[in-house]
Each structure stands twice: as structure tokens, then as C-alpha cells.
Amino acid sequence: MITIKSRLFKAELIGFVFCCVLGTLSHFFYEWSGENTFIGLLCPVNESVWEHLKLIYTPYIIWSAAEFFILKGSKLNLFLSKFCSVICGMLTILFIHYTYTGAVGTESTTADIISFFAGVAAAFILSYTIMKNSKYKGAVCETVSFILLIITGGIFILFTFSPPLIPLFEDSITKTYGI
């Protein structure tokens, strides 16, 4: 008999692989689409650190939607775990990026790739840990977390078109912002 913990572990492991593959490919989707605006809402439109956070956010949200149906009826605190963990994954990427660029003084594609995979790993480890913990279950917590996931996506959309003029949003190559 398959336990919920083993189903959860398997789902999180498959999700990790899914997000790593889709996130890596999505780096190129905007360019491959002929700079389609809709694709730009979901995938990076330039080489700014902010836009590259979409590499984790979009695949993670897609996987979370799939996982909602895969684990349906399991009474897990899915939305709380997904909100906390995608934020953790993005913060991991930011922490690694700004730590190494501050220490070395230059950007590295290799280090950025490593930070992406580390961020995805951190997100799924935290997600698994939270979903195993029954302490935070509740409809209010799940509803608030779901709304926060949607708001986060809205912020990505807003800042794709109207990013703040600070270094986090600046394309490191063209020195421009957003679309």
C-alpha cells in the first residue's frame, strides 16, 4: 500500500525534475516566440535578476496546479507549502546571486545556473517539509496562501511592463528595464 508520505515524496521529486527542465527551457521561450507578450508574462523578457525569478515561479506554479490534482483528497496544506517554498526558492536564488557577485565583482553564468537549481531544490525541500507537517492545516491559511500566490504572479506581470528603476530589474546586458 502506498502511503501519503511516499506519494508526496514521489510527487515532489517529479516536480523538482519538471521545474528544473521547464525552468531551464523557459529561459529561451520569449526569444523563441518572437518576443510574444503573453510568453513574456510567464518567462524572462530580459537578463535582469528579477525576470530570471520567473524561471522558478512559472514552472513551480504549473507543477503546483498539477500536484493539487495528483494529491487531491490528501488533506495537505498545499497552498501554504507552495507559497512559502516558491518564495524560499526565489530568495535562495537572490541570496546566491548577490553573495557571489558581491564577493567576486562579476556575474557568472555557471553560478547563476547553480543558484537556479539550488533555489528549486530549496523550494521542494521546504514544500515537502511543510506538507508533512499537519500543524498549519486550515481553510483560512490555505485561502490566504492561494491569494498570495496569485498576487505574486500579478507582481511579476506588473513589473514586466513597469519595473522599478533599480538594479534588480535592470537587464545586465542592454541596461534596459522590462519589455
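F169 is buried, its relative accessible area being 5%, where buried stands for under 20% relative accessible area, exposed for over 50% and partly exposed for what lies in between, with a 1.4 Å probe and protein chains only. The model is a predicted one, in which local features need pLDDT of at least 70 and side-chain atom pairs count only at pLDDT 80 or more, while totals for chains, interfaces and linings use all residues. Residues are numbered from 1 along each chain as its sequence is written, and side-chain values use heavy atoms, with hydrogens and water left out.

The aromatic rings come next. Rings of Phe, Tyr and Trp (for Trp, the six-membered ring) are paired if their centres lie within 6.5 Å, and the planes make a pair stacked when under 30 degrees apart, edge-to-face when over 60 and tilted for the rest; by this rule the count comes to 15 aromatic pairs. One of them joins F159 and F169 edge-to-face, at 5.2 Å centre to centre and with 80° between the planes. This pair links distant parts of the chain, since F159 lies in helix α7 and F169 in the segment after α7, 10 residues apart. Ring pairs also tie F159 and F169 into a cluster with W50, Y57 and F156.

Helices here are DSSP runs of H or I with at least four residues, numbered from the N terminus. Leaving aside residues up to four places away in sequence, L53 touches M90, I93, L94 and F156, a contact being heavy atoms within 4.5 Å.

Helix α5 covers residues 78-104, and its 27 residues should span 39 Å, in agreement with end C-alpha atoms 38 Å apart; the expected span is 1.5 Å times one less than the number of residues. After α5 comes G105, whose phi is positive, near 90°.

C84 is partly exposed at 29% relative accessibility, and C88 is partly exposed at 23%.

Key:
Helices (H or I, at least four residues) and strands (E, at least two) are DSSP runs, numbered from the N terminus.
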